Amino acid sequence: MIIKRFDRQEELDRYAAHLINTIVREKQHPVLGLATGSTPVGIYKAVIEEASRTKLSFGHVTTYNLDEYVGLAPDHEQSYSRYMNDHLFKHLDLGKGNTHLPDGLAADPEAECRRYDEMLAQQPLDVQLLGVGHNGHIGFNEPDAQLHGRTHVVKLKEETRKANARFFDQAEQVPEFAFTMGVGSILKAKMIILVARGGDKAAIVKKALQGPITTECPASLLQTHANVIVLLDADAGRDLI
Ligand code: F6R
């Protein structure tokens, strides 16, 4: 595991963006695993900026997102589909149909999970970008006595709903359930970029990277992966030895 700390957010953003864009530049059929939330916003900006400056096409790129709320339409303001479109997709020359998120409105959620896993099996992820929740969740794989390997529907913990309430007008509007890629699918990515920012993430970053490997802290499972790059700002990394 490589851990890098940055004094300035823009440096972190540019570093992460360059890792992603290098894969896009070098691979014939790059497959990117993407995340939402506040952590990747600056990274996506930097991806777009570098792509535009270096005339890098994303026409041959396929993307898979980690998760989506159950019950939100793709164009709902708070859906992850809308987030991805606003922050990244509409700014790049991605091919139509090459960007994938679980369908929040799927009539048969179980079938939707199978469909997503079948696509992922066909197109293994070259890289997975991850943020981390305050409780150690990755994707929406919440701390528990056991975790799922594959895509599944999860009931969000109250602390996660509270953390995400800042994006909604009212806390009760945060959906109770979400689709998420499983930990097995995340760990199958050839490279994982884990990003954390801010002092409120310092304790969980320490637990995840230097604590015991346990399903009670899903991000700690990243310690078992051979190719993880962790990008931290100074505050998020302050408790690491
Ligand atoms: C988002 C996701 C979540 C977030 C995590 C951190 O697609 O899968 O695991 O990465 O909740 O969220 P932020 O970045 O908002 O602190």
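Predicted model: local features only at pLDDT ≥ 70, side-chain atom pairs only at ≥ 80, totals over all residues.

Student: Fine. In what order do the strands of the sheet run?

Tutor: The order is β1-β10-β9-β6-β2-β3-β5, which makes an open sheet of 7 strands with parallel pairing.

Student: And which strands stand at the edges?

Tutor: β1 (2-6) and β5 (99-100). Each has a single partner strand, so one side of each is left without a neighbour in the sheet.

Student: Let's go to β6. How many bridges join β6 to β9?

Tutor: There are 4 bridges between β6 and β9, and the two run parallel.

Student: Which way do the β6 side chains point?

Tutor: In β6 (residues 127-130), V127 and L129 point one way, while Q128 and L130 point the other way. All of them are buried.

Student: Then β2 and β3, how many bridges?

Tutor: 4 bridges, parallel, with β3 spanning residues 62-65. In that strand, T63 stands opposite L32.

Student: Changing topic: α2. How far does the helix reach?

Tutor: Helix α2 covers residues 41-53, 13 residues in total, and reaches 19 Å from first C-alpha to last. That is close to the 18 Å expected at 1.5 Å a residue.

Student: Which of its residues are buried?

Tutor: I43, Y44, A46, V47 and A51 are the buried ones in α2. They lie on the same side of α2, because the arc they cover around the axis is only 160 degrees.

Student: Why would residues three or four places apart point the same way?

Tutor: Because an α-helix has 3.6 residues a turn.

Student: What covers that buried side, and what is on the face turned away?

Tutor: The cover over the buried residues of α2 includes α1 (9-26), α3 (80-87) and β9 (191-196). The face turned away carries the exposed residues S52 and R53.

Student: Last topic, the ligand. Which residues come nearest?

Tutor: T36, G37, S38, T39 and G131, out of 14 residues around the ligand.

Student: And by class?

Tutor: The shell has 8 polar, 5 nonpolar and 1 charged residues.

Terms used. Residues numbered from 1 in each chain as written. Expected span 1.5 Å × (residues − 1). Buried ≥ 20, exposed ≤ 12 C-beta atoms within 10 Å, placed from the backbone. Arc of directions from axis to C-beta. Contact = placed C-beta atoms within 7 Å. Near = placed C-beta within 6 Å. Nonpolar A, V, L, I, M, F, W, Y, C, P; charged D, E, K, R; others polar. Pairing = 2+ DSSP bridges.
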